[in-house]
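Dear colleague,

Please find below the structure that I am handing over to you, together with its sequence.

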Amino acid sequence: MYSNVHATIGTAFVLGTYSITKDETTTYIVGGLLGFLSHHYADRLGESKYPNYKEMAIHEGIPLLLFLLIAFLSDLTGFYLLGMLSSNLMDLIDKKAGLSLINRDKYPFGSFFPCHRKKPLIDFDLKTTKILSWSSVLLILIFYVYELVK
Ligand SMILES: [Zn+2]
């Protein structure tokens with residue numbers, strides 16, 4: 001799964017933890033841990049490769065920028081960033097902080113985490129991959145609107 005879907009699942013766990021506990025320290029520990037562990041299960045869903053960097057920039061880059069914009073507009077910026085980073089940490093480690101995406105020959109994908117050694121249960125087609133990326137940022141927007149009206 002690409003990073004936007006991971007970020008949204010991780011952020012849902014972090015914000016959910018905060019809404020239950022109302023405690024920042026507990027949220028950073030428990031929410032961060034749940035976000036981190038969520039990566040393993042979300043990776044059971046496979047994505048399609050983008051045919052080129054332009055399509056990837058449109059369907060992954062723009063939602064990522066919107067995620068960051070919403071995170072910085074929010075009063076809970078740290079929680080959004082925690083959700084994003086904790087849920088993507090397994091990929092950041094195994095993909096050498098993104099260097100593997102730029103030059104796979106020089107920086108090959110690692111397989112330290114079990115989810116990167118297994119084949120996904122489902123491989124979504126490209127259209128579904130794009131829909132999931134945009135749906136993720138839509139969900140983040142809903143979280144933010146909920147925060148505003150609460
Ligand atoms: Zn992964």
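This is a predicted model: local features need pLDDT of at least 70, side-chain atom pairs count only at pLDDT 80 or more; totals for chains, interfaces and linings use all residues.

The protein chain contains six helices and two strands. Read from the N terminus, its elements follow the order α-α-β-α-α-α-β-α. Along the principal axes, the C-alpha atoms of the protein chain occupy a box of roughly 45 × 30 × 25 Å. The radius of gyration of the protein chain is 15 Å, and this agrees with a compact globule, because a globule of 150 residues would have a value near 15 Å. Of the 150 residues, 32% count as buried. Among contacts with a separation of 6 or more, 73% are between residues 24 or more positions apart.

Turning to helix packing, two packed helices are described by the angle between their axes and the distance between the axes. For H1 and H2, the axes come within 8 Å and cross at roughly 145 degrees. The crossing in which H1 passes H2 is right-handed. The H1 residues that take part include Val 5, Ile 9, Gly 10, Phe 13 and Val 14, and those they meet in H2 include Val 30, Gly 31, Gly 32, Leu 34 and Gly 35.

Helix H4 covers residues 77-94. Its 18 residues should span 26 Å at 1.5 Å a residue, and its end C-alpha atoms are 26 Å apart, so the two values agree. After H4 comes Lys 96, which has a positive phi, near 50 degrees.

Helix H6 covers residues 126-149. With 24 residues at 1.5 Å a residue, H6 should span 34 Å; the distance of 35 Å between its end C-alpha atoms therefore agrees. The buried residues of H6 are Thr 129, Lys 130, Ser 133, Ser 136, Val 137, Ile 140 and Phe 143. Which helices do the buried residues of H6 pack against? They pack against helix H1 (3-21) and helix H3 (53-73).

Yours sincerely

Methods:
Residues are numbered from 1 along each chain as its sequence is written. Helices (H or I, at least four residues) and strands (E, at least two) are DSSP runs, numbered from the N terminus. The expected span of a helix is 1.5 Å times one less than its number of residues. A residue is buried if 20 or more other C-beta atoms lie within 10 Å of its own, exposed if 12 or fewer, and partly exposed in between; C-beta atoms are placed from the backbone. Two residues are in contact if their C-beta atoms, placed from the backbone, lie within 7 Å. The radius of gyration is taken over C-alpha atoms; the globule rule is 2.2 Å times the number of residues to the power 0.38. Axes are lines fitted to C-alpha atoms, for helices over the stretch in contact, and angles run from 0 to 180 degrees between N-to-C directions. A crossing is left-handed if the near helix is turned anticlockwise from the far one by less than a right angle, and right-handed if clockwise.
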